[in-house]
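Subject: Structure handover and notes

Dear colleague,

I am handing over the structure below, and after it you will find my notes on what was found in it. Please read them with the structure open beside you.

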Amino acid sequence: MQFLLTTFTIFNFISILTLIVEPLHTSATCRGFCGNIPIRYPFGVDDGCGAPQYRHMFNCTNDLFFLTPSGSYKVQSIDYNKKTMVVYDPAMSTCSILQPHHDFIMTDIQSAMMPPSPDTVFALLNCSIDSPVLNHYKNLCFNISDHSCDELYGACNAFRVFHLLSNSSPPCCFTNYDTVKYMSMNILDCTHYTSVINTDSLKGIGPLDWVYGIKLSYSLPDTGCQRCSLSGGTCGFDTETEGMTCLCSSTMNATRQCAPGSFTDGGVVHTPWTVFHVVLLVLGTFLDLIIS
């Protein structure tokens, strides 16, 4: 009987230590919003959340920012159905403001995973007559929805200064992202650029009413996230190995999906192992009282 008492007493002590060490309250390890922008897979603003391919690409202060070698770009919207994200370059010239010379640069993995969409067009402005896009690479320039980029000089206050300085419209070029990806503004020999999105629907709409920004089309890595989501988990990755993990709670992760039996009650996560400890702790205490 004394042996039984000692056994239960030791077990109770171990169980109490386990419950103390193991945190029961969930923590917001993967934030679901940054400002008014919802954060879902494959993106994440906390390390270990989302897909590792997009690791360290975002920063959440009061707003969500997309980080590239050329700067931080405010995320204006994310369409998870169409897999697009619209960002705004605060250093980019628009129809209403003229900004200093600036390049838009992405890393190789960013260019591969989330390049600007086909309906995002870059307008190169105030170009030299020696610009490569006006000579050897003039085939890179095109009109959009029956608009020529000369219209920007006449319609936009910010760009009208170029026309006034030269008494004519300086050369310009509508082109796609690959042009500015492989040739900097110095090589292109153009002083400014702007970018316009949704160019497929600009017919009959003047530059004053265009939407200026950069729309990125992202790809969804095939890591088995759907299986994790269906089990109630959040898709993430190991911060050391970058292997896929299913974040089930603040105390339990799984490789592919959450184990059945976990449940949440008022922000406290009870895993099957935690409930088992609690039951045995109560039983052991009860037996100790009877024996003593």
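The protein has eight helices and 16 strands, where helices (H or I, at least four residues) and strands (E, at least two) are DSSP runs numbered from the N terminus. This is a predicted model, in which local features need pLDDT of at least 70 and side-chain atom pairs count only at pLDDT 80 or more, while totals for chains, interfaces and linings use all residues. Residues are numbered from 1 along each chain as its sequence is written, and side-chain values use heavy atoms, with hydrogens and water left out.

Of the 292 residues in the protein, 42% are buried, buried meaning under 20% relative accessible area, exposed over 50% and partly exposed in between (1.4 Å probe, protein chains only). The accessible surface comes to about 15,600 Å², and 58% of that belongs to carbon and sulfur atoms; the areas come from the Shrake-Rupley method with a 1.4 Å probe, and for residues only the protein chains shown count as cover. Among contacts (heavy atoms within 4.5 Å) with a separation of 6 or more, 64% are between residues 24 or more positions apart.

Turning to the sheets, five strands form an open sheet in the order β3-β4-β5-β6-β11, with antiparallel pairing, two strands being counted as paired if DSSP finds at least two bridges between them. The edge strands are β3 (58-60) and β11 (214-217), each of which pairs on one side only, and the twist averages 40 degrees from one strand to the next; the axes behind such angles are lines fitted to C-alpha atoms, for helices over the stretch in contact, and angles run from 0 to 180 degrees between N-to-C directions. Strand β6 (residues 84-88) pairs with β11 in the antiparallel sense over four bridges, and Val86 stands opposite Lys215 in β11.

Lys215 itself is worth a look, since a relative accessible area of 13% makes this lysine buried. The side chain of Lys215 is joined to that of Asn198 by a polar contact of 2.6 Å, a polar contact being a pair of N or O atoms within 3.5 Å; within protein, one must be able to donate a hydrogen and the other to accept it, and residues adjacent in sequence count only if both atoms are side-chain atoms. Not counting residues up to four places away in sequence, Lys215 touches several residues, including Thr84, Pro115, Asp119 and Ile197, and the C-alpha atoms of Lys215 and Thr84, 131 residues apart along the chain, are separated by 6.6 Å.

An open sheet of four strands has the order β8-β7-β9-β10, again with antiparallel pairing. Because β8 (173-175) and β10 (211-212) each have a single partner strand, they stand at the edges, and one side of each is left without a neighbour in the sheet. Strand β9 (residues 190-197) and β10 run antiparallel and are joined by two bridges, with Val196 having Tyr212 in β10 as its bridge partner.

The hairpin of β12 and β13 has six residues between the strands, and Glu242 in the turn has a positive phi of about 60 degrees. Four bridges join β12 (residues 234-237) to β13 in an antiparallel arrangement, and Thr234 stands opposite Leu247. In a regular strand the side chains alternate between the two faces of the sheet. In β13 (residues 244-247), Met244 and Cys246 point one way and Thr245 and Leu247 the other, and all are buried.

His147, in the loop between β7 (121-127) and α3 (150-155), counts as buried at 6% relative accessibility, and a polar atom of its side chain lies 3.0 Å from the backbone oxygen of Ile205. Gln110, in helix α2 (residues 108-113), is buried with a relative accessible area of 2%; a polar atom of the Gln110 side chain lies 3.0 Å from the backbone nitrogen of Thr107, and the residues that Gln110 touches include Phe66 and Pro115, not counting residues up to four places away in sequence.

Best regards
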